[in-house]
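Work through the exercises below with the structure in view. Try each task before reading its solution.

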Amino acid sequence: MKVHEYQAKEIFSTYGIPVERHALCHTADGAVAAYHRMGVNRVAIKAQVLTGGRGKAGGVKLANNDRDVYQYAQTILEMTIKGYPVTKILLSEAVNIAAEYYISFTIDRNMRSVTLIMSAAGGMDIEEVARQSPEKIIRCSIDPLIGVPDYLAHKFAFSLFEQAEQANRMATIIQDLYKAFIEKDASLAEINPLVLTPVGTLLAIDAKMVFDDNALYRHPDLQKLSEPTEDEKLEAIAKERGFSYVRMDGEIGCMVNGAGLAMTTMDMIKLYGGNPANFLDIGGSSNPVKVIEAMRLLLDDKKVKVVFINIFGGITRCDDVAIGLLQAFEQIQTDIPIIVRLTGTNGNMGRELLRKNNRFQVAQTMEEATKMAIESLKKESI
């Protein structure tokens, strides 16, 4: 689960991480009023959306008078950035910057550990820095039994700062950020940039946190911050009904029993020139009710032109699956082509049952079924 910058900064503040003065606003008039309350000369007006690239999209502006604050706030509040409408903005005190740094804690799946990532090239796309100048990236795996005690925090801090005073401040921020990361069950806690001001102060002028969905039950305070997208709402509904669903951008809807087979199905569709509309794993059940719910979820996506049902009958018998499909489609009314690949235990019996119903196009191999799906899609597009 992602949260907005202003929410991440609130969490940072509770852990002692220094942030600039800021105010959340929902209107241009509110932004002007906040500007007056803050009593500063210059402010940054930043769109609050759950996606990156705000600056490149024009969602971050600097202003130093009432008129510009109102105009920029109004313009940003009318924007949509990467499909996310801007409904709120953050008015932040603009600080003088002597240097910018990057610091984050994240999960490194390959190392199976929390990893600290730091760089003196803050304020930039860290992925681009890693590609073009990998020597500027410092990575350190964290032993969960040790964490980040003082000696390690200072060791990390001195890799960026030579002066003891600044290194001490950095060490404290590293420890506080790690504590927030662990205690909040985060998968990412990031400051980019962490700025050094001309007077030697360190401030987190941007903040990002992503939390492990599986741990949210331990954090009701974080659950209240959730703003799921429409696709995320669908994924949650699917999870409640016992299957895994992720919507994508293609036209071929996939219904598969097993996550590995579902991934392979999507790869085959791409291999033969198509685009999958989703990942949908319904598990090993042949329950007609489950098939009906899965089909309705697929057909709610108006981009779906063809449905590809790919079933391998292992413990589940193919004839049971076929009976379940036949019962399900007695209640589903659709003109969309339905391709079924059915193989495994009692595969011949299952395919024969489906072939007696003109509603299905039946295949035995994945290659055959994929080609049938691609050809059906081409006919639908004519």
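The model is predicted, with local features needing pLDDT of at least 70 and side-chain atom pairs counting only at pLDDT 80 or more, while totals for chains, interfaces and linings use all residues. Residues are numbered from 1 along each chain as its sequence is written, and side-chain values use heavy atoms, leaving out hydrogens and water.

**Exercise 1.** Describe how α10 and α11 cross, and name the residues in contact.

Solution. 
- Step 1: Helix α10 covers residues 288-299 and helix α11 covers residues 318-329; helices are DSSP runs of H or I with at least four residues, numbered from the N terminus.
- Step 2: Their axes come within 8 Å and cross at roughly 55 degrees. Axes are lines fitted to C-alpha atoms over the stretch in contact, and angles run from 0 to 180 degrees between N-to-C directions.
- Step 3: Pro288, Val291, Ile292 and Met295 of α10 meet Gly324, Leu325, Gln327, Ala328 and Phe329 of α11, where contact means heavy atoms within 4.5 Å.

**Exercise 2.** Which elements each supply at least two residues of the lining of the second largest pocket, and which gives the largest share?

Solution. 
- Step 1: The elements are α8 (230-240) and β13 (244-247); a strand is a DSSP run of E with at least two residues.
- Step 2: The largest share, five residues, comes from α8.
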